[in-house]
Structures are given as C-alpha cells and as structure tokens.
Amino acid sequence: MTFAALGMIEPLLRALAGLGYQTPTAIQQQAIPAVLAGRDLLATAQTGTGKTAGFALPLLQLLVRQGPRMAANSVRALVLVPTRELAEQVHASLRRYGRFLPLRSAVAYGGVSINPQMLQLRQGVDVLVATPGRLLDLHRQNALHFRQLQVLVLDEADRMLDLGFAAELRELLALLPKRRQTLLFSATFAAPLRELAGQLLEEPLRIEIGPRNVTAASVSQWLIAVDKRRKAELFLHLLKERRWGQVLVFARTRKGVDQLCAQLEAAGVSAAGIHGDRPQPARLRALERFRAGAVQVLVATDVAARGLDIDDLPLVVNLDLPNQAEDYVHRIGRTGRAGARGQALSLVCADEVARLTAIETLIRQSLRREEEPGFEAEHRVPASGPGSRLAAQVQKPACPAKSGAPKEAAPSRPLVRAVRPMPGFASGLGRNPRA
Ligand code: AMP
C-alpha cells in the first residue's frame with residue numbers, strides 16, 4: 001500500500017516523501033479514502049498510530065480540491081484540540097504536510113494578546129487549529145464566523161471532555177453549520193464520548209485501531225515497587241546505573257515536577273519541567289531544549305504533556321501513577337511510536353495500588369514487577385491485577401471535569417496565542433515567501 005494508491009495528490013506525495021513516510025499506517029489506510037469521499041469518521045486510535053496524518057492529509061486535499069473560497073474572517077476547516085501543546089503539534093504537522101499547497105492555516109490558543117490573532121483572521125484561513133475556549137473568544141469578538149465551515153475535526157475528544165470542555169464544546173457546536181463533515185478522534189471511548197459522537201456524527205465510518213483502551217504492543221511495560229519517599233532517589237540511581245539517555249518523566253502534580261527537576265539539577269543532571277503553571281513560552285522552550293538534546297530529562301504533568309511528539313523516545317518513566325487510568329495510556333503512548341520499540345517504567349508505592357489496579361484493568365494486563373536491590377519497599381505494594389476489587393477504590397480526581405477545571409487543566413478561557421500564518425501555506429504551490 002502506498003499513499004499514491006490512496007489517491008493522494010502530487011504536492012502531498014512530495015511532502016510525504018520529504019518526511020520519509022513510505023507506507024500509510026493502518027489508520028491512514030482506512031481514514032484517508034473515507035474522508036476524501038466526504039464521510040464522517042469515528043476513530044478510536046492511540047497517539048503514535050499516525051492519526052494526525054490520517055485526518056490532516058485528506059483534509060488538506062479536500063480543501064485544495066474545492067479551490068480558494070475564502071471570505072473575510074472565515075474558516076473552512078476547524079481542528080479542535082484540548083491543549084496548547086497539541087494545538088502546536090497538529091499545526092506543525094499541517095504545515096509539514098501542506099508545504100507545497102496554496103492554503104493558509106493558523107493556530108489559536110492561550111498565552112498572548114488576542115489582537116494580532118484577530119488581525120490575521122481578517123483575510124480568513126483555510127484551516128484553524130484551536131482550543132475551544134480561545135475559539136469562542138474569537139467568535140464572540142467577531143474575529144471569526146463559521147458560515148464557510150465545511151469540516152470539523154475533534155482530536156483527542158476524550159481529553160477535551162476530561163478537561164471540562166463539555167460546555168464550551170456544546171456552545172461551539174451550536175454555532176456551526178449543520179451541513180458539514182465531522183471527524184472525531186479519541187484514544188478511549190467511554191460513555192460521555194459515545195453520547196457526543198451520537199450528536200455529532202452522521203453514519204460515521206467506525207475505525208478502531210488496536211483493541212480498545214489497550215496500550216501499544218510495541219511498548220514494554222513494567223514497574224518497580226518502592227517507598228514513596230525514595231522515588232526520586234531511585235530514579236536518579238536508575239538513570240545513572242542503567243545509563244539511560246533521554247527520558248520523559250511524568251509526575252502527577254506541578255509540585256512533583258518542580259521537586260524532581262530541582263533534585264536532578266542538584267545531582268548534576270540537566271532537566272526541564274513543564275506544567276500548567278509555567279508560561280507557554282517557557283513550556284515550549286523546555287520542549288525544544290529536550291528535543292535538541294540540551295536536557296537529558298523532561299519532567300511533565302499529564303495535561304502539559306498532551307500533544308508532545310518527540311521522535312524516537314525510548315523510555316517513559318512514571319514517577320507516580322496518574323489519577324485517571326486513561327492517562328497511563330496517553331503517557332506511555334509517548335514511546336514506541338510509529339512502529340519503534342519503547343519502554344515504560346512505573347515507580348509504584350504502596351498507596352498507589354488502587355490506581356495500579358485501575359490501570360491494569362484498563363489495559364487488561366498485569367505490569368511485570370521488579371525490585372531494585374537497595375530500594376526494596378518497606379511498605380509492600382499489595383498484589384494487583386486486571387479486575388481486582390482494588391480498582392473500585394480508585395478515587396475520582398480531586399476536581400472532576402464536571403465540577404470545574406482540574407488542577408492541571410488548561411483554563412476554560414485559555415491564554416491567547418497569536419495566529420501564525422503558515423509560511424508555506426500563504427503562497428502558491430511550491431513557493432514559500434517567508435522561508
Ligand atoms: P501521531 O499518532 O499522529 O501522533 O503520529 C505519530 C508519529 O508517527 C509522528 O511522529 C508522525 O510524524 C509519524 N508518522 C505518521 N504517519 C507516518 C507514516 N505513514 N510513516 C512514518 N511515520 C509516520
């Protein structure tokens with residue numbers, strides 16, 4: 001199977017060749033023809049399956065095929081995402097794939113003044129990637145209307161609901177034209193999402209990549225039982241002892257991120273942290289430094305880490321287990337991407353056993369257990385496993401979505417992020433006036 005066989009046009013094939021994509025992934029093979037044919041989609045796919053290209057490629061092709069029909073302050077395709085990081089990520093992918101196409105695109109999320117963003121929307125854009133709160137703000141200020149909207153994509157829709165965006169989503173959906181194509185992507189498919197899908201989609205093609213809610217088979221997963229107070233020390237020991245290269249570490253709280261970063265720096269290990277309290281430029285800088293290899297360890301909370309796409313990340317470490325089992329799936333989806341092998345290690349203490357059981361139940365497997373000599377847990381981690389009754393004891397997150405934004409959620413009125421014209425997009429085929 002090739003991208004040409006899926007009917008992709010030459011400028012897209014050229015961009016894909018430049019990126020080294022030779023074979024469409026499973027989700028791309030199914031999604032691309034369906035989207036090109038105008039169908040709605042309901043896709044359950046984990047991160048790392050190539051889902052972004054699965055919607056971005058046919059979306060760009062549809063827009064080019066329909067020709068330039070842009071009006072002032074209009075948008076033809078909207079990609080809704082839960083976080084700023086994912087917005088950046090998806091926008092960067094669109095730019096890469098659309099390098100040789102005469103399309104304009106923009107990204108809108110919190111962080112800077114809304115004014116430059118409003119200015120750039122004046123001419124209209126073909127594709128806008130946005131978080132729901134910012135998008136509503138733009139609409140309320142008449143910077144954007146949806147009369148020309150043809151395609152709506154919801155990416156990581158489960159996460160949008162988890163983060164408390166349900167009300168914003170409802171408000172937005174009421175503003176969109178009824179006649180449109182809708183593509184819904186989600187890593188998990190719990191009841192609230194099924195309800196949303198039922199409202200949004202018309203006879204969608206159902207795509208399910210891999211068994212539902214099960215983590216990528218290409219990731220080897222295990223845990224080391226350890227006392228809570230010794231987790232950071234153990235991490236540092238393993239980092240040195242096992243000569244790890246770059247590692248992405250997840251901590252449950254912002255404080256946990258800051259503390260581990262400080263401990264690592266004190267031990268002479270270069271580390272950077274990202275969490276919701278850090279300003280957006282600082283978060284992006286940390287990510288860039290990690291990508292460039294300037295720091296060895298990137299420590300992140302779940303929300304801040306959404307949408308991170310880091311090539312060839314061999315190892316993810318969970319300093320603590322997440323409150324919501326689904327987040328475990330998202331976390332370890334940062335490794336073993338696009339067919340590569342990955343490793344995911346969790347450092348688990350006794351009072352996390354209910355969280356562990358919930359995760360093992362969700363992924364339908366027990367995590368292999370190890371002990372590290374010299375770090376044996378004084379407080380034994382009780383036996384766990386899929387379906388164990390301990391799963392029922394997992395506490396709900398401190399601030400569930402419905403009662404307001406959770407601690408690490410993007411604010412419902414996110415900070416503003418200026419719309420950037422896409423360098424390769426504003427111009428004609430093959431030209432890039434800003435490059
Ligand atoms: P995603 O699941 O969209 O986050 O994509 C995961 C990673 O796979 C990204 O780094 C993509 O650039 C890469 N990727 C997506 N599709 C392909 C493909 N057909 N061939 C090679 N790499 C791909």
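In which handedness of crossing does α3 pass α4? Before the answer, some ground rules. This is a predicted model, so local features are taken where pLDDT is at least 70, side-chain atom pairs count only at pLDDT 80 or more, and totals for chains, interfaces and linings use all residues. Residues are numbered from 1 along each chain as its sequence is written, and side-chain values rest on heavy atoms, with hydrogens and water left out.

Now the answer: α3 passes α4 in a right-handed crossing. A crossing is right-handed if the near helix is turned clockwise from the far one by less than a right angle, and left-handed if anticlockwise. The axes of the two helices come within 10 Å and cross at roughly 50°, which makes α3 oblique to α4. Angles under 35 degrees count as roughly parallel, over 145 as roughly antiparallel, 65 to 115 as roughly perpendicular, and the rest as oblique. The axes themselves are lines fitted to C-alpha atoms, for helices over the stretch in contact, with angles running from 0 to 180 degrees between N-to-C directions. On the α3 side you'll find T52, A53, F55, A56, L57 and L60, and they meet V90, S93, L94 and Y97 in α4. Contact here means heavy atoms within 4.5 Å. By class, that contact has eight nonpolar, two polar and no charged residues. For the classes, Ala, Val, Leu, Ile, Met, Phe, Trp, Tyr, Cys and Pro are nonpolar, Asp, Glu, Lys and Arg are charged, and the others, Gly among them, are polar.

Zooming out, the protein has 15 helices and 14 strands. These are DSSP runs numbered from the N terminus: H or I over at least four residues for helices, E over at least two for strands. Buried residues make up 57% of the 435 residues, where buried means under 20% relative accessible area, exposed means over 50%, and partly exposed is in between, using a 1.4 Å probe and protein chains only. Among contacts between residues at least 6 apart in sequence, 78% join residues at least 24 apart.

The buried residues of α1 (residues 10-19) are P11, L12, A15 and L16. Seen down the axis of α1, they fall within an arc of 135°, so they line one face of the helix; the arc is that of the directions from the helix axis to the C-beta atoms. An α-helix has 3.6 residues a turn, so residues three or four places apart point the same way. The buried residues of α1 pack against α3 (51-66) and α4 (84-97). After α1 comes G20, with a positive phi near 80°.

I114, Q117, M118 and L121 in α5 meet R134, D137 and L138 in α6. That contact divides into four nonpolar, one polar and two charged residues.

With a relative accessible area of 3%, D126 is buried. Leaving aside residues up to four places away in sequence, D126 touches L63, M70, V75, R76, A77, P102, L103 and R104. The C-alpha atoms of D126 and S105 are separated by 5.7 Å, although the two are 21 residues apart along the chain.

Further along sits α10 (residues 231-241), where K231, A232, L234, F235, L238 and L239 are buried. They cover an arc of only 160° around the axis, which puts them on the same side of α10. The face turned away from that side carries the exposed residues K240 and E241. The buried residues of α10 pack against several elements, including β8 (219-225), α11 (254-266) and β13 (342-348).

Most residues other than glycine have a negative phi. Just after α10, R243 takes a positive phi of about 50°. N73, in the loop between α3 and β2 (75-80), has a positive phi near 55°. N142, in the loop between α6 and β5 (151-154), has a positive phi near 60°. Are these two asparagines buried or exposed? N73 counts as buried at 18% relative accessibility, whereas N142 counts as exposed at 66%.
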